[in-house]
Amino acid sequence: MKPRTKIIFWIGILFIAFLIIIFRARVETDISLFLPQSSSPQEQFLINQFRHGPGSKLLIISLQGADSKTLARLSNSLTLKLKNDSAFIKVLNSEASVTDQTENFIFSNRYLLSPTLYREDFSPQSLHYTLSETLDRIALSRGFLEKRYLDRDPSGEFISILRSWTETPLLNKKHGVWFSMDGKHAFLVSEIFSEGFNLNQFENAIHIIDDSFKELEQNNSVSLHMVGPPAFAVASRESIRRDATRLSIIATCLVIGILYLFFRSITLIFLCLIPLLCGVLISISAIVLIFGSIHGITLAFGIVIIGVAIDYPLHLFSHIKVNEHPSDAMDRIWPTLRLGVLTTALGFVSMIFSNFDGLIQLATFTVCGLVTAALVTRHILPHITGFSFLEYLPPRIEVLPVEFLMKSKFIFYIFLAGIITFLVFQRSELWENDIAQLSPVPSLQLALDRQIRQELNLPNVSYWVIVKGKSEQSVLRLTESVAEKFQALKNQGEISGFDAVTKYLPSLEKQAKRIETLPSIDQLKENLRIAKKGLPFRENAFEGFIQEVSNAKKSKLLTSEQLRGTLLEARINKLFYRQENLWFSLITFKGSVDEKLLARATSSFPSNSVFVLEPRKTSNILINRYRDRALLFFGWGFLIIVLTLRVALRQWVAVGRVLIPILGSVLTVTAVLITAKIPLSLFHLVSLLLVIGLGIDYALFLNHKLILKQERSKTLHALIVCNLSTVTVFGTLAFSTTPVLRAIGTTVVIGAFLCLLFSLIFASKPKMIDNSV
Amino acid sequence: MKKELNTSFYALRIVIFIGIFFFHSAEAFDDNLLGRSNQTCTLDLPELMVSLAGKKERSAQFKEEKFLKILNKPLRSEGILRFRAPDYLEKITTKPKKERLVLKSEFVTISDQQDKSQTFSLDDYPPLKELLNGIRFILLGNLDALTEYYDLDLKGNCNQWSLILIPISASALEIMDRFIILGREENIQKITWVESNGDFTIMTIEKESS
């Protein structure tokens with residue numbers, strides 16, 4: 001193909017990719033894609049909660065900075081404004097008042113729902129006692145609620161249900177809305193509408209809240225704060241984005257400066273960017289075509305990993321001789337470059353066969369990007385460049401103590417042995433096992449979150465007890481037995497309270513038993529006749545009651561179906577759900593609980609259907625297993641790299657010369673990080689992938705067999721430019737305040753520098769004949 | 001059946017109202033006879049409100065009778081009422097059992113003999129809100145607030161007046177029918193609260209001391 005045809009053909013491809021991106025690309029922000037597949041029941045539950053649980057989409061809004069009246073008014077108008085927005089499932093600033101429909105539902109099903117229903121309640125003595133006590137209370141003010149139901153529910157089951165459901169003290173309110181105890185903060189709770197854990201939907205909701213607040217609050221004295229998982233997730237992404245933007249601007253300026261210093265040509269600097277940009281463009285469109293959308297994390301990490309492609313044009317430009325067309329220089333370095341690209345890309349192929357959606361996307365992106373960038377450097381770039389910039393030729397670099405380094409292999413081996421010994425001893429410190437440590441959320445925010453949760457009396461999130469089963473009824477029955485244990489603990493004062501689905505939806509068995517405790521109608525009439533003696537009730541005062549008991553005896557038992565549309569449905573959805581063929585029920589606790597106590601209480605049940613869940617611990621295990629699996633695929637990738645090099649270089653010694661420096665630098669980086677008390681995380685692993693990619697190129701270029709001395713000086717020039725620009729970019733990132741960016745930055749800076757240094761030690765001796773110009 | 005009960009009860013209610021009116025007109029007649037107040041004075045709502053609002057603090061003994069349609073005699077209680085403008089209302093019951101109810105802004109606290117107390121927001125208990133707010137607005141002489149929630153009907157003169165409040169909102173009407181306040185000058189003598197289900201409460205204020 002003629003160069004011109006190639007370029008036109010290429011522009012065509014880019015145009016198509018561009019069109020695909022414009023019309024098809026959708027950046028996915030649901031983090032669920034990057035969640036590992038779960039195996040243990042705890043993990044399955046946790047992931048499901050994370051994806052679909054209402055807790056992870058709960059946003060708490062706190063208003064402060066004015067007198068309570070102003071805050072309450074603002075809280076009301078904000079609630080009103082947000083309530084009808086489709087971005088929210090619900091927005092509350094006080095308990096949802098029980099609607100008539102729900103109230104009627106509870107009232108007419110009270111004999112199925114009441115936790116305190118005993119046969120003795122209907123005995124003449126007991127009825128007499130209850131009635132006279134109730135009359136006493138009605139005479140006073142405290143009986144105002146009971147008065148309404150006295151004729152139809154004289155044994156007080158309805159009130160007893162309501163009381164048991166709201167046994168924990170109601171939230172503090174002022175002017176009818178939720179307030180902190182000190183009256184300085186007004187609270188609103190909103191649940192964001194989102195499929196999975198979707199950052200874009202969260203961000204949108206947060207913007208809506210901010211905008212509505214600004215519209216309502218004109219004099220700027222009141223401030224609004226948001227806490228909860230969505231707020232934190234969006235804030236971290238925002239801070240990473242801000243940090244990344246700021247630092248990459250600085251890094252770009254620095255790199256342009258460095259490149260100018262080495263090449264003295266602005267045109268060239270832009271030419272350098274072409275392969276990488278093409279790589280990104282093609283990768284994105286490929287991912288969009290294959291997967292339908294691209295995940296934000298794939299995009300961010302993918303660009304970091306294929307950043308190595310910026311080196312390809314640098315190699316080309318550094319190797320051009322005087323009056324030589326770039327194509328000829330390309331022909332010379334292509335075998336080496338090709339091997340480098342191939343090895344790195346093949347290293348990622350193993351990940352494509354992993355079953356993690358996130359890793360598959362990332363690997364596809366990387367392979368596509370690297371291959372594209374290499375092909376563009378090979379076939380397109382030389383023709384665009386032409387002779388245009390070559391007024392200035394890169395200088396020869398001979399000042400570096402290369403000869404000395406090449407003689408210090410022995411020292412290197414001792415050093416490497418030392419590093420390995422160190423790592424063997426420190427292997428327990430190797431990994432960061434608490435992912436919370438990587439959270440970019442400021443501790444001040446987290447403290448505010450804790451305080452607000454306490455004030456709002458939200459359930460304790462450190463421990464849950466989960467009941468799992470194959471049918472709705474079996475889970476309900478099992479939950480009832482477990483709940484009995486906790487009720488006993490509560491009566492002993494060991495726990496302050498708990499919530500379980502069976503409070504609102506008892507098992508059919510339990511409901512049937514409750515109905516059985518109701519006396520026969522004749523018996524009830526007789527009992528009432530005796531009970532009324534000495535009390536001022538009219539003859540037919542309890543007609544309604546008798547009718548209701550008779551109805552209850554014939555009533556249909558409750559299943560989750562019948563609760564649809566009532567306030568109970570919302571309560572139940574938080575505690576009970578179905579996932580494929582399994583049913584899960586969740587028992588939550590109020591106040592602090594002791595793990596051992598929970599373990600003891602659940603020990604008599606089969607451990608795979610009733611278990612204690614510690615979300616934080618389980619999520620750490622989950623992420624760590626993900627990391628271990630990822631590590632396994634990196635291992636396979638490394639094996640592929642070794643084999644590829646063996647095939648290409650034909651000798652194990654040559655493979656060693658390429659890989660030992662890289663291995664050495666990876667191990668040294670790890671040792672440095674551990675010494676600096678920075679345990680490794682997934683982000684460090686991704687960064688090490690980039691380091692390996694860079695290192696392979698360095699080592700291959702330095703190991704070019706029949707290299708001439710003059711050629712070597714050009715290679716050195718290339719490597720120094722490459723290395724310097726990499727170190728600059730990632731050195732800037734190392735100064736980031738975001739843990740993730742800092743992790744990537746430090747790893748790559750140290751790794752890239754060491755790769756060059758160690759590769760120099762293992763570089764092949766150049767031929768001494770200088771037959772050039 | 002239920003409807004029948006309601007109608008018969010409604011009849012009973014009317015009888016009682018007539019009784020109350022009769023009793024009070026008789027009282028007024030007595031006053032005139034004794035020459036305590038020779039000239040009759042006219043009264044309109046704003047005037048009444050102004051005179052009511054004049055009293056920033058009130059304290060009086062009360063006797064209360066609750067007539068429930070399922071009972072054949074009323075439930076009785078007595079105690080002391082206290083009011084302090086703008087939003088403090090206290091009802092201390094001494095018989096048949098001790099109880100203290102405090103209404104401060106939107107919050108009601110009820111404590112019993114053992115001083116166990118429960119606090120809740122008026123918003124959560126609409127029937128209570130209707131009643132307590134009505135009383136509060138009257139004591140404050142807040143005509144605007146009253147006309148916002150109730151249709152008002154004032155009868156009588158300054159020596160003896162009666163004010164009938166009928167809730168405007170449909171949701172309030174579901175719970176309460178009306179309440180009727182009888183008074184003399186700036187003093188309140190009797191409050192009758194009629195619920196929609198036919199139950200009603202009469203609170204007689206015995207002696208008002210300032």
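1. Let's begin with the largest nonpolar core of this predicted model. It holds 102 residues, and the members that touch the most others are A:Ala373, A:Val691, A:Ala752 and A:Cys755. Another core, of 47 residues, lies apart from it, and B:Ile135, B:Tyr150, B:Trp161 and B:Leu165 are among its residues.

2. A:Ala373 deserves a click of its own. Leaving out residues up to four places away in sequence, A:Ala373 touches A:Pro275, A:Leu276, A:Cys278, A:Gly279, A:Ile306, A:Ala309 and A:Tyr312.

3. Now for chain A as a whole. Its 773 residues include 41% that count as buried, and the chain has 29 helices and 13 strands. Among contacts in chain A with a separation of 6 or more, 82% join residues 24 or more positions apart.

4. One helix pair to look at is H12 (residues 296-305) and H27 (residues 682-702) of chain A. Their axes are 9 Å apart and the packing angle is about 30°; with angles under 35 degrees counted that way, H12(A) and H27(A) are therefore roughly parallel to each other. From H12(A) come A:Phe301, A:Val304 and A:Ile305, and from H27(A) come A:Val686, A:Leu689, A:Leu690 and A:Gly693. By class, this contact has six nonpolar residues, one polar and no charged.

5. How do helix H13 (residues 311-319) and helix H14 (residues 326-352) of chain A cross? Their axes come within 9 Å, at roughly 125°, and that makes H13(A) oblique to H14(A). The crossing is right-handed. On the H13(A) side you will find A:Tyr312, A:His315, A:Leu316 and A:His319, which meet A:Pro326, A:Ala329, A:Met330, A:Arg332, A:Ile333 and A:Leu337 in H14(A). Seven of the residues in this contact are nonpolar, two are polar and one is charged.

6. Finally, the contact between the chains: chain B puts in 22 residues and chain A 19 residues. On the chain B side, the elements giving two or more residues are strands S2 (75-84), S3 (88-95), S4 (99-104) and S6 (117-121). S2(B) supplies the largest share of that side, three residues. The side of chain B that touches chain A is made up of ten charged, eight nonpolar and four polar residues.

Notes. Residues numbered from 1 in each chain as written. Chains lettered and ligands numbered in written order. Predicted model: local features only at pLDDT ≥ 70, side-chain atom pairs only at ≥ 80, totals over all residues. Core = buried A, V, L, I, M, F, W, Y, C linked by C-beta atoms within 7 Å. Buried ≥ 20, exposed ≤ 12 C-beta atoms within 10 Å, placed from the backbone. Contact = placed C-beta atoms within 7 Å. Helix = DSSP H or I, 4+ residues; strand = E, 2+ residues; numbered from the N terminus. Nonpolar A, V, L, I, M, F, W, Y, C, P; charged D, E, K, R; others polar. Axes fitted to C-alpha atoms, helices over the stretch in contact; angles between N-to-C directions. Parallel < 35°, antiparallel > 145°, perpendicular 65-115°, else oblique. Left-handed = near helix turned anticlockwise from the far one by under 90°.
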